[in-house]
Amino acid sequence: MNDEITLVASTLSVQQARNLHLAAQGLLQPARARATRKRLLAVIERMQLLQIDTIQVVARSPYLVLFSRLGSYPAQWLDEALARGKIFECWAHEACFAPIGDYALHRHGPNARENHWASKHAQRMHRDHRAGMDRVLARVREHGAVKSSDFEQPRKGGAGWWGWKDEKRWLEALFALGELMIARRENFQRVYDLTERVVERLGLQMVEPLDANEIRREHALRAVRALGIAQARWIADYFRSGRRYSDADLQSCVDTGELRRVAVKGWDVSGYVHRDYAGLLDRAQRGRLRATHTALLSPFDPVVWDRARASAMFGFDYTLECYTPAPKRRYGYFVLPILRRGRLVGRLDAKAHRVDGMFEVKKIFLEPEAKIDHALVNDMSVAIQASADWHEAPRVVVRRSDPKGLAGPLREALRAGDPGS
């Protein structure tokens, strides 16, 4: 790289970079105040995106991501925020909730998301099934908002997206194309309505999509801000904004002072920090950002959803195995990364048995460098018990561990209650 591009003004250790990242993500320290609806919205605004997933062996991912940052809160607050128009659904990193103030940035159109896989699927669907999609759209226009369950046609096994029935596929395609929006959810089922009706109800303006270059620049700035610190090659993944950014792509943002280029010991490329986090960067450099939070993370948490970034930032190699045939899984179906005081120290294969009030730890794994001691066991037991209580499954059962010497001390700590009391 050329010297002009690699010029840096700050140098951080890897742990200082991790702490800056976690501070930006709201995971550096435990929540200092009880959860409120306002704080829930602030968490989403800080992350920019809250990825949606439907797997529920434990709480569905968006609720768990919020719990990791807020602590205990009523899960229905997220549903209420959508129904009240404080957030909306869009295709970004994947299917996500986003702050309503970012509607113009995410509005789908020919200049916005045409290269996203969901948009490509939707465009192909529209070419192949235009008559059916037009019928569904006409029904929504005439009769109002619908759920896919309002259509009784049995699904065709193995056809289309995840074997969905035609109407579900068409509703999803119309949503991806921007014809429909998600008005609310009922039992986590999407309720689709005409975009213009939702926009009118929320008092939004039907603005034209931003220019593609404007979107790309804005995505870069917002991704760096959400991540706290980022290498150029990590940035595009956050909003799935197309080709990777290079240092040269970001030079104009450095020249305007919107981004600051920094060095991190052990990284072979520069990192970038948003100007809004100049204070955090200074504190990180001076060792004033102290990581004290321990939490169970969703596999779709922004901290780990980019596997390459998690590996480079934390030395943590993570693959979600729910799509892997059971005999080939190494860790489990839906394994939760364990964040402890600025490091990813392990992973938890768990299931919440809500009817029985039992939170089952099928197996807990430690990273090779994590040392079993009193402090580690206490931190993990508190985090597991807090999650179990929030799931309304307060009885924790620990089945197995790797290494084997962890399960016993963890069971004892859980039986003892809050070890810090």
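Mentor: Welcome! A helix here is a DSSP run of H or I with at least four residues, a strand is a run of E with at least two, and both are numbered from the N terminus. Pro-403 is found in the loop between strand 14 (395-402) and helix 17 (407-415). Please keep in mind that this is a predicted model.

Trainee: What is the peptide bond between Asp-402 and Pro-403 like?

Mentor: Asp-402 and Pro-403 are joined by a cis peptide bond, with omega at about 10 degrees.

Trainee: Why is the pair of Phe-316 and Tyr-318 called stacked?

Mentor: Rings pair if their centres lie within 6.5 Å, and planes under 30 degrees apart count as stacked. The ring centres of Phe-316 and Tyr-318 are 6.0 Å apart and the planes are at 15 degrees, so this pair is stacked. A search of the whole structure finds 11 aromatic pairs.

Trainee: How do you know whether Phe-316 and Tyr-318 are buried or exposed?

Mentor: Buried means under 20% relative accessible area. Phe-316 has 0%, so Phe-316 is buried. Tyr-318 has 3%, so Tyr-318 is buried too.

Trainee: Which residues do ring pairs link into a cluster?

Mentor: Phe-67, Tyr-73, Trp-77 and Trp-390 are linked in this way.

Trainee: What makes you say that the charged end of Arg-185 sits over the ring of Phe-188?

Mentor: The distance part of the test asks for CZ of Arg within 6 Å of the ring centre, and the direction part for a place within 35 degrees of the ring normal. The charged end of Arg-185 is 4.3 Å from the centre of the Phe-188 ring and sits over that ring. Arg-347 has its charged end over the ring of Tyr-331, 4.3 Å from the centre.

Trainee: How are helix 2 and helix 14 placed against each other?

Mentor: Two packed helices are described by the angle between their axes and the distance between the axes. For helix 2 (residues 14-25) and helix 14 (residues 278-285), the axes come within 9 Å and cross at roughly 145 degrees. Their crossing is right-handed. In the contact, Gln-16, Leu-20 and Ala-23 of helix 2 meet Leu-280, Leu-281, Ala-284 and Gln-285 of helix 14. Five of the contact residues are nonpolar, two are polar and none is charged.

Trainee: What makes the phi of Gln-48 worth a look?

Mentor: Gln-48 has a positive phi of about 80 degrees although it is not a glycine. You will find Gln-48 in the loop between helix 3 (37-47) and strand 2 (50-51).

Trainee: Why is Gln-48 called buried?

Mentor: The cut-off for buried is under 20%. Gln-48 has a relative accessible area of 7%, so Gln-48 is buried. The C-alpha atoms of Gln-48 and Ala-226 are 6.5 Å apart, although 178 residues separate the two along the chain.

Trainee: Where is Glu-392, and what is its phi?

Mentor: Glu-392 lies in the loop between helix 16 (374-390) and strand 14. Its phi is near 60 degrees, a positive value in a residue other than glycine.

Trainee: How do you know whether Glu-392 is buried or exposed?

Mentor: Exposed means over 50%. Glu-392 has a relative accessible area of 63%, so Glu-392 is exposed.

Trainee: What about Asp-268, buried or exposed?

Mentor: Asp-268 also has a value of 63%, so Asp-268 is exposed. Its place is in the loop between strand 8 (259-264) and strand 9 (271-274). From Asp-268 to Gln-231, 37 residues away in sequence, the C-alpha distance is 9.8 Å.

Trainee: Why does Thr-294 count as buried?

Mentor: Its relative accessibility is 13%, so Thr-294 falls on the buried side of the 20% cut-off. Thr-294 lies in strand 10 (residues 294-296). Among the residues that Thr-294 touches are Leu-339, Arg-341, Asp-379 and Met-380.

Trainee: What makes Glu-172 buried?

Mentor: Glu-172 has a relative accessible area of 2%, so Glu-172 is buried. Glu-172 is in helix 9 (residues 166-176). The C-alpha atoms of Glu-172 and Leu-259 are separated by 36 Å, with the two residues 87 apart along the chain.

Conventions
Residues are numbered from 1 along each chain as its sequence is written. This is a predicted model: local features need pLDDT of at least 70, side-chain atom pairs count only at pLDDT 80 or more; totals for chains, interfaces and linings use all residues. Side-chain values use heavy atoms; hydrogens and water are left out. Rings of Phe, Tyr and Trp (its six-membered ring) pair if their centres lie within 6.5 Å; planes under 30 degrees apart count as stacked, over 60 as edge-to-face and the rest as tilted. Buried means under 20% relative accessible area, exposed over 50%, partly exposed in between (1.4 Å probe, protein chains only). Axes are lines fitted to C-alpha atoms, for helices over the stretch in contact, and angles run from 0 to 180 degrees between N-to-C directions. A crossing is left-handed if the near helix is turned anticlockwise from the far one by less than a right angle, and right-handed if clockwise. Contact means heavy atoms within 4.5 Å. Ala, Val, Leu, Ile, Met, Phe, Trp, Tyr, Cys and Pro count as nonpolar, Asp, Glu, Lys and Arg as charged, and the others, Gly among them, as polar. Lists of a residue's contacts leave out its neighbours within four places in sequence.
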